[in-house]
Amino acid sequence: MTAQRSSLRPATPSAARARRTLPGVRRTLCAASLALALAAGPAAAAAGGVEWPAARDTAAQVEKAGLTMLDTEQLAMHIHTILEVFADGEQVTVPADVGIDRSGPEPLYSPLHTHDETGTVHVESAEWRDFTLGQFLTEWGAPREDTRFGAPLAWVDGRLWAGEADDLVLRDGETITLRYTSR
C-alpha cells in the first residue's frame, strides 16, 4: 500500500510546485486571451467566422421552399423552434428577417420566419401542419452542402438525428443544432 502511494507523489519538489502553479498560469492565460478578444472588438471575432446572410429575394426563396407569403402573421399554429448553427466549431448567426419581406409598404410573412438573431424560428400558420428545417434553410439561403462545407449533422435537443437535416419537422420548444465541417 505504501509503495502505491509513493508512486503517486511527485518525484521532486519542483514537480509539486509546477503542479500547484499550473492553475494560476491557466487563469492568467485565459484572462489575457479574453482581454485581447475584447480589445480587438466584434469585427475581429467575425473576421475568422462564417456568415450566411438572409437571402435578398425573400419571396422567391419562400416560393422555392413551397410556401406562400402572407399579408399578416397567422396564429392558428404558433410554435417556436430554436436553431443553432456551427461551422467548423464557430457559431453562425441565424439572421433576423428570414422569411419576412420588408420591401413594400407593409411587411409580408412566410409561415416560417425570424424576427431577430436569437435563432428562434417562428412557425405562424393559418393551419396546423408539418413544416421542415429544409423549408426554413431554403428561405434563409443557407448552404446544404457546398465547396467549403459538407452536409451538416443535426442534433435535436442534444440527440443525434439519424436522417437528413432537411427532413426535421419543426416542433415547439425543441432546439435543433446543425454542425457543418470543412471538407
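Student: How much space lies in the largest cavity?

Tutor: In this predicted model, the largest cavity holds about 40 Å³ of space. A search of the whole structure finds one cavity of 30 Å³ or more.

Student: Which residues line the largest cavity?

Tutor: The lining consists of Ala 54, Ala 55, Thr 58, Val 62, Asp 97, Val 98, Gly 99, Glu 139 and Trp 140. The elements that give two or more residues to this lining are helix H4 (58-64) and H5.

Student: How do the residues of this lining divide into nonpolar, polar and charged?

Tutor: Five are nonpolar, two are polar and two are charged. Asp and Glu count as charged, and the lining includes Asp 97 and Glu 139. Gly counts as polar, and Gly 99 is one of the lining residues.

Student: What makes the pair Asp 97 and Arg 102 a salt bridge?

Tutor: The closest N and O atoms of Asp 97 and Arg 102 are 3.0 Å apart. The cut-off is 4 Å between a side-chain nitrogen of Lys or Arg and a carboxyl oxygen of Asp or Glu, so a pair within that distance receives the name. A search of the whole structure finds four salt bridges.

Student: Why is Asp 97 called partly exposed?

Tutor: Asp 97 has a relative accessibility of 24%. Buried means under 20% and exposed means over 50%, so a value in between is called partly exposed. Arg 102, at 46%, is likewise partly exposed.

Student: How do you know that Asp 130 and Arg 171 meet in a salt bridge?

Tutor: Their N to O distance is 3.7 Å, and the limit is 4 Å. This pair links distant parts of the chain, 41 residues apart: Asp 130 is in the loop between strand E6 (120-125) and helix H5 (133-140), and Arg 171 is in the loop between strand E8 (159-160) and strand E9 (175-180).

Student: What N to O distance is found for Arg 144 and Asp 166?

Tutor: The distance is 2.7 Å, and their side chains meet in a salt bridge. Arg 144 lies in the loop between H5 and strand E7 (153-156), while Asp 166 lies in the loop between E8 and E9, 22 residues apart.

Student: Why does Ser 125 count as buried?

Tutor: Ser 125 has 4% relative accessibility. Buried means under 20%, and therefore this value qualifies. Ser 125 is found in strand E6. Not counting residues up to four places away in sequence, Ser 125 touches Gln 74, Leu 75, Ala 76, Met 77, Pro 111 and Phe 131.

Conventions:
Residues are numbered from 1 along each chain as its sequence is written. This is a predicted model: local features need pLDDT of at least 70, side-chain atom pairs count only at pLDDT 80 or more; totals for chains, interfaces and linings use all residues. Side-chain values use heavy atoms; hydrogens and water are left out. Buried means under 20% relative accessible area, exposed over 50%, partly exposed in between (1.4 Å probe, protein chains only). Helices (H or I, at least four residues) and strands (E, at least two) are DSSP runs, numbered from the N terminus. Contact means heavy atoms within 4.5 Å. On a 1 Å grid over the protein atoms alone, a cavity is a set of points where a 1.4 Å probe fits but cannot get out, and a pocket is an open set with protein on both sides within 12 Å along at least five of seven lines; lining residues have an atom within 4 Å of a point. Grid points are joined across faces, edges and corners, and a volume is the space filled by probe spheres set on the points.
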